[in-house]
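Student: I have the sequence and the model open side by side, and I would like a close look at one part of it. Could you take me through one chain and the neighbours it touches, and then point out a few spots elsewhere?

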Amino acid sequence: MGLTDLVALLSSDAAIQIIASIVKILIIVVLCLQIPPIMVWAERRAPAMMQRRKGPNRVGIGKFRLYGLLQSAADAVKLIFKEEVVPTGANKVVYHIAPIFSVFTAFLVACAIPYGNDITVFGQQISLSPIRLDVGFLFILAMSSLAVYGVTLAGWASNNKYSLLGSLRASAQMISYEIPLGMSLIPLVIIFGTLDLNKMVIAQSAFPWSWGVVRAPISFFLFFICMFAETNRSPFDLAEGESELVAGFHTEYNSAKFAAFFLSEYVAMFVLSALAATVFFGGWQVPFVPYDLLLKIAFGLDWLAALVGFLFLLLKAGFFMWVYVWVRWTLPRFRYDQLMALGWKFMLPIGLFNLLITALVVAIFDTVTRH
Amino acid sequence: MNPYLPVLIVLLLGVGLGGILSGLAHFAGPRKPNRIKSEPYECGVPIVGERDKMSVKFYLTAILFILFDIETVFLYLWAMTFRELGWFGIGEIVVFLAVLFAGYVYVVKRGALEWD
Amino acid sequence: MVSINHYLVLATFMFLCGTLGVLFRRNLLLVLMSIELMLNSVNLVFVSGSRLLGNLDGQVMVFFIITVAACEAGVGLAMVIALFRRYGTVDTNFLRILRG
Amino acid sequence: MSQELLFYAFAGLIALCSVMVVTSRNPVISAIFLVGDLFLLAGLYASMEAHFVAAIQILVYAGAIVVLFMFVIMLLNLDPDQRSQVQIAAPEVGILALTVIAFAVVGGMLVFGQPTGVSGEMTAEAIKGAGGNTFTVGMVLYTKYLWPFELASMLIMLAIIAAIVIAKKDRPKSATDGDKRRLAHG
């Protein structure tokens, strides 16, 4: 095969799409790999700030200490070179595949978020969410429901009572809050009439008064609580309440396998933050600057406009990531019965109520505008 | 291009990455296992008792989860067709939810959601 | 082109696996899982039929089957738990003895 | 061509997973293979443009039903099956023989021809034009299958009640919340 053939093959429409999707996926995966180090750093510096102490500030390159940012990198290297200890009596196969389950579900969900409006490359329309499906919404819910397996299997395979109890608590909590999570998003499907996340972002427009949070405030309230419960974060972190369960389901995991759980947990946090930004806060829309105007400002270059939108999405998601850290160092932990009661007896009825109210309001609005 | 092709790529990549992390754990670190080190963690004391049998509460939570999950899926489908069905759809879904809500009230009354 | 025969053969094989599991496994949980396998093979036939005939009823039917499967799994596993609590086993051979 | 290749890959894996579900000695391994089976089936559904069914296959089947199985396996904390001396009793063998014969007949029929039927108009293109797979499935469900849909709610409600009646242990009546509080405070 000559060089010209190769060029012809690579510039065919299908090839451009496939190469583009591989590039998109790699970008998102690399982005996701950056999240844990940055968040670990934030989770050390933030409480230090709140408690008037310094936090990690030593590790750096020569004289440049970068506020201790490299501490996380050092930790990552350390984790990889630790000895792996598999507890006796563990189910070896399941013990080894549980972290894999956690990691790939987290990445699948992360790739389904729309990171920008469609752009045109070599005459091909390319969507800026690596996985773009008509049922994108259901895809995200489906894949995040698979995340339970990583937790359950890890706890079961470790042959440790703390692990088992922690994993059962964590998975019961995750599945309990999946119901209000799913239910809180239904009103938005009613309002925007689509399951495609990018279409939802476009429908929200650049103006905050037509964003999801204004149109469905109760939904946002429910979603916000579920964000914390789904990721087992404080104040709902009983699954790893260190005072009673050592470390929860990953008590027996160490070295790089622990890092895998760590990674998927933080990616899951990022995904929920990005989902909140996408569904309730206009996603990649720049506030008050409609996309057409943005395109004009960006000299008509759609990739530049998309990049700006991408940065704004990261900013919005980053805000929620910060809220995660903030809440962790502010609120005390719930009790398990309180957590379950909150999910089943408070959020579920409110979710149903919210759904019916939204449906009624939309239906009345439609009926009125039609006449 | 098939829209599911990226799903496959991400799946392979994710599994690969997880596998690499698992493999690193195996090969990068030192390996000096001994009997005491690889005992299940019990705060440093000899293991007490057996692994507990879990409470049936977890099972009850899971079964309720399944049934309400199905309901959520029905609701998603309904939300998609909401504009088309209008008031007729609302009537349908109100009947559907009323029946399920009766079940929910039974669950609460029966105390299946109490954790103690 | 993948014809409907391909799907039917695959579904047949899955159904056969499920049947074997139901008939010969002694663990009640495995029996229930085999039933799920059989239900899934039926779903596969429904979806491929729906595509062949250009008719969405098949997909709606799959939805109903999944609903029924969820209810079946819930109640079936509740019975497994009740049996285990009373007899301390989920072995079908043992449970058959009780029939007298 | 690539479609066929993909189908054979998926079908092979599905067949393998199905066999493993039935033959594994450890129920947890069976459940993991069942998840694999469901995942791959969702892939096949997606390749047949049944996007909605593919999504709920994972959301409900893999994400909920098998989780329940997993919970029960952990709840019972069973030992892996002792190599079961497969009990071959007459009724089972009879049923098996009948099933195999039935499937042989089906297979023979498949060799000689393809099943056909009255074709409807919901081809892949028509569905795309009518608002996508999810929307059209929803319309069929909420108009043509109105009564089955309402009956499904009854079924779910009954399942909820039945599961709780069967599985829940009754608490001794005396230990009401008030009593417990009194006990807790001495």
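Tutor: Happy to! Let's take chain D, and begin with its contact with chain C: here 71 residues of chain D meet 61 residues of chain C. Bear in mind throughout that this is a predicted model. On the side of chain D that touches chain C, the elements giving two or more residues are helix 1 (2–23), helix 2, helix 3, helix 4 (90–112), helix 6 and helix 7 of chain D. Helix 3 of chain D supplies the largest share of that side, 13 residues. Sorted by class, the side of chain D that touches chain C holds 52 nonpolar, 13 polar and 6 charged residues.

Now turn to the other neighbour, chain B. There, 35 residues of chain D are in contact with 36 residues of chain B. Helix 3, helix 6 (132–143) and helix 7 (146–167) of chain D are the elements that give two or more residues to this side. Helix 7 of chain D gives the most, with 13 residues. The classes on the side of chain D that touches chain B come to 28 nonpolar, 4 polar and 3 charged residues.

Helix 2 (residues 27–47) of chain D and helix 3 (residues 51–76) of chain D pack with their axes 8 Å apart, at an angle of about 175°. Helix 2 of chain D is therefore roughly antiparallel to helix 3 of chain D. If you want to select the contact in your viewer, the helix 2 side includes D:Val28, D:Leu34, D:Leu38, D:Phe39 and D:Tyr45, and among the residues they meet on the helix 3 side are D:Ile58, D:Tyr61, D:Phe69 and D:Met70. This contact between helix 2 and helix 3 of chain D has 20 nonpolar, 2 polar and no charged residues.

For the layout of the chain, the domain assignment of chain D gives domain 1 (1–79) and domain 2 (131–169). The C-alpha centres of domain 1 and domain 2 of chain D lie 22 Å apart.

Here are the spots elsewhere. In chain B, B:Phe88 sits in helix 4 (residues 87–110) of chain B. B:Phe88 is exposed, because 12 other C-beta atoms lie within 10 Å and a residue counts as exposed at 12 or fewer.

Chain A has two backbone details to check. A:Ser205, in the loop between helix 7 (197–204) and helix 8 (212–215) of chain A, has a phi near 60°, a positive value in a residue other than glycine. A:Ser205 is partly exposed, with 14 other C-beta atoms within 10 Å. A:Phe288 also is not a glycine, yet has a positive phi of about 70°. A:Phe288 lies in the loop between helix 11 (255–280) and helix 12 (291–297) of chain A, and is exposed, with 9 other C-beta atoms within 10 Å.

Finally, a word on confidence. Chain A has a mean pLDDT of 84, and 98% of its residues reach 70 or more. Confidence in chain A is highest in helix 9 (residues 217–230), at 90, and lowest in helix 10 (residues 242–245), at a mean of 65. Where pLDDT is low, the predicted coordinates should not be read in detail.

Terms used:
Residues numbered from 1 in each chain as written. Chains lettered and ligands numbered in written order. Predicted model: local features only at pLDDT ≥ 70, side-chain atom pairs only at ≥ 80, totals over all residues. Axes fitted to C-alpha atoms, helices over the stretch in contact; angles between N-to-C directions. Helix = DSSP H or I, 4+ residues; strand = E, 2+ residues; numbered from the N terminus. Parallel < 35°, antiparallel > 145°, perpendicular 65-115°, else oblique. Contact = placed C-beta atoms within 7 Å. Nonpolar A, V, L, I, M, F, W, Y, C, P; charged D, E, K, R; others polar. Buried ≥ 20, exposed ≤ 12 C-beta atoms within 10 Å, placed from the backbone. Domains from an automatic or database assignment. pLDDT = per-residue confidence, 0-100.
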